[in-house]
Protein chains: 2
Amino acid sequence: MSQEPLKQLMRLVSKLPGLGPRSARRAVIHLLQNRDALMKPLAQEIQRAADDIATCQLCGNLDLTDPCHICHHPGRDRRTICVVENVADLWALERNSAFKGQFHVLGGTLSALDGIGPEDLRLKELLKRIQDDQVEEVILALNATIDGQTTAHFVADQLAGKDLKVTAIAHGVPVGGELDYLDEGTITTALQSRRAV
Amino acid sequence: MSQEPLKQLMRLVSKLPGLGPRSARRAVIHLLQNRDALMKPLAQEIQRAADDIATCQLCGNLDLTDPCHICHHPGRDRRTICVVENVADLWALERNSAFKGQFHVLGGTLSALDGIGPEDLRLKELLKRIQDDQVEEVILALNATIDGQTTAHFVADQLAGKDLKVTAIAHGVPVGGELDYLDEGTITTALQSRRAV
């Protein structure tokens with residue numbers, strides 16, 4: 001069959017989410033058959049992104065600059081922070097562009113099964129931002145999964161007693177659904193129907 | 001949302017077979033979160049493969065060397081050529097390692113719809129090899145699709161009258177397959193190709 005460099009390339013490609021050994025093989029053949037149009041530009045762009053894209057120390061977003069363009073934007077309301085599980089969720093909300101405040105990426109959810117505790121999430125950073133920016137409202141936009149909602153309750157508990165409003169996006173989100181897979185209308189409705197917890 | 005280099009990277013990743021805009025976004029985030037373990041090695045391996053992997057001028061395989069290690073192998077029977085549609089099919093047969101002859105990649109199938117005619121396939125190269133290597137048998141291992149079978153008939157016609165045996169791999173019930181789950185075409189073929197036991 002193929003030799004070492006090809007096997008190594010297919011092994012790496014098969015580690016991408018959504019790809020297995022067979023689709024990785026097809027992808028590699030497709031790349032080799034489109035060297036100039038796709039393969040070489042892809043290698044360059046991956047390298048460039050690996051070098052240039054940073055994690056925003058404030059919100060946890062991935063961007064060219066740190067702080068990211070959202071944290072840096074003068075027109076965005078710094079007193080409203082929307083808490084999300086991961087960067088994909090942040091981008092899903094941002095594609096929607098209904099929200100004009102700031103974001104905060106937790107970096108996951110609490111999970112006894114996977115051994116992820118409060119100290120593994122970016123909670124300390126959230127508490128610091130709340131204090132520094134005199135935040136008035138924290139919107140919990142966690143996924144409507146068991147882990148997401150457990151985490152939302154935990155974060156709400158941590159914020160209880162502080163002089164701010166804690167809200168959660170509405171349960172227009174179908175149970176078991178993830179933000180990154182939802183249409184814009186549902187996301188907008190869920191944002192608008194947020195309620196005090 | 002994200003900025004230009006990220007968008008460009010996602011656009012390129014989404015061009016891989018089996019990936020769309022959403023799965024490309026997830027793949028890019030996964031890469032950025034695994035920079036040293038996955039992203040940088042992947043960029044290097046893609047670049048290395050783009051530079052080092054060549055198309056074998058004899059059989060059309062993709063390999064480090066030209067001729068490829070199969071064409072080059074002294075122990076493989078040069079008088080039997082197995083004709084396949086593409087490199088993925090060659091690798092599928094080679095994984096099996098039941099076949100000890102040579103391969104020939106056509107590079108596609110005839111398709112009036114896609115405007116692919118005989119001159120777009122590696123037919124002239126096949127005829128030349130048959131002459132040069134005194135080939136005794138050509139095995140047509142094309143896919144059991146309409147285009148694949150049309151192409152098999154065309155290639156068989158081209159080889160008619162030459163002093164060699166032209167065979168085709170068998171079509172029928174896959175090993176481990178259950179009749180109840182098979183389509184009518186397969187069952188009809190399996191019945192028609194029945195053999196004495």
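Contact, as used for packing in these legends, means heavy atoms within 4.5 Å. All the views below come from a predicted model.

**View 1. The buried side of helix H6 in chain A.**
Let's start inside chain A, with helix H6, which spans residues 123-132. The buried residues of this helix are Leu123(A), Leu126(A), Arg129(A) and Ile130(A). They lie on the same side of H6(A) because they cover an arc of only 120° around the axis. An α-helix has 3.6 residues a turn, so residues three or four places apart point the same way. What do the buried residues of H6(A) pack against? Their partners in chain A are helix H4 (69-72), strand E3 (77-84), strand E4 (101-105), strand E5 (137-140) and helix H7 (146-159).

After the helix comes Gln134(A), whose phi is positive, near 45°.

**View 2. Where chain B touches chain A.**
Here 49 residues of chain B are in contact with 53 residues of chain A. The area buried between the two chains is about 5,300 Å², and carbon and sulfur atoms give 71% of it. Between chain B and chain A there are three salt bridges, and six residue pairs, both residues at pLDDT 80 or more, are in polar contact across the interface. On the chain B side, the elements giving two or more residues are helix H1 (4-13), helix H2 (21-33), helix H3 (35-52), strand E1 (54-55), strand E2 (62-63) and helix H5 (87-96). Which of them gives the most? That is H3(B), with 14 residues. By type, the residues on this side of chain B divide into 29 nonpolar, eight polar and 12 charged.

**View 3. Asp180(A) and its partner in chain A.**
Side chains of opposite charge can pair when their charged atoms come close. Asp180(A) forms a salt bridge with Arg95(A), with the closest N and O atoms 3.2 Å apart. This pair links distant parts of the chain, 85 residues apart: Asp180(A) sits in the loop between strand E6 (165-168) and helix H8 (184-192), and Arg95(A) in helix H5 (residues 87-96) of chain A. Is Asp180(A) buried or exposed? Asp180(A) counts as buried because its relative accessibility is 1%, under the 20% cut-off. Arg95(A), with a relative accessible area of 27%, is partly exposed.

**View 4. Asp180(A) reaches across to chain B.**
The side chain of Asp180(A) also meets that of Arg26(B) in a salt bridge (3.0 Å, N to O). Asp180(A) lies in the loop between E6 and H8 of chain A and Arg26(B) in helix H2 of chain B, so the pair joins two chains. Arg26(B) is partly exposed, with a relative accessible area of 25%. Asp180(A) forms a salt bridge with Arg25(B) as well, where the closest N and O atoms are 3.8 Å apart.

Asp36(B) counts as exposed, at 60% relative accessibility, and Lys40(B) as partly exposed, at 27%.

Salt bridges that share partners join Arg95(A), Glu178(A), Asp180(A), Arg25(B) and Arg26(B) into one network. Over all chains, the whole structure has 18 salt bridges.

Technical notes: Residues numbered from 1 in each chain as written. Chains lettered and ligands numbered in written order. Predicted model: local features only at pLDDT ≥ 70, side-chain atom pairs only at ≥ 80, totals over all residues. Heavy atoms only, no water. Buried area = accessible area lost by both parts, 1.4 Å probe. Salt bridge = Lys/Arg side-chain N within 4 Å of Asp/Glu carboxyl O. Polar contact = N/O pair within 3.5 Å; in protein donor to acceptor, adjacent residues only side chain to side chain. Helix = DSSP H or I, 4+ residues; strand = E, 2+ residues; numbered from the N terminus. Nonpolar A, V, L, I, M, F, W, Y, C, P; charged D, E, K, R; others polar. Buried < 20%, exposed > 50% of the residue type's maximum accessible area, 1.4 Å probe, protein only. Arc of directions from axis to C-beta.
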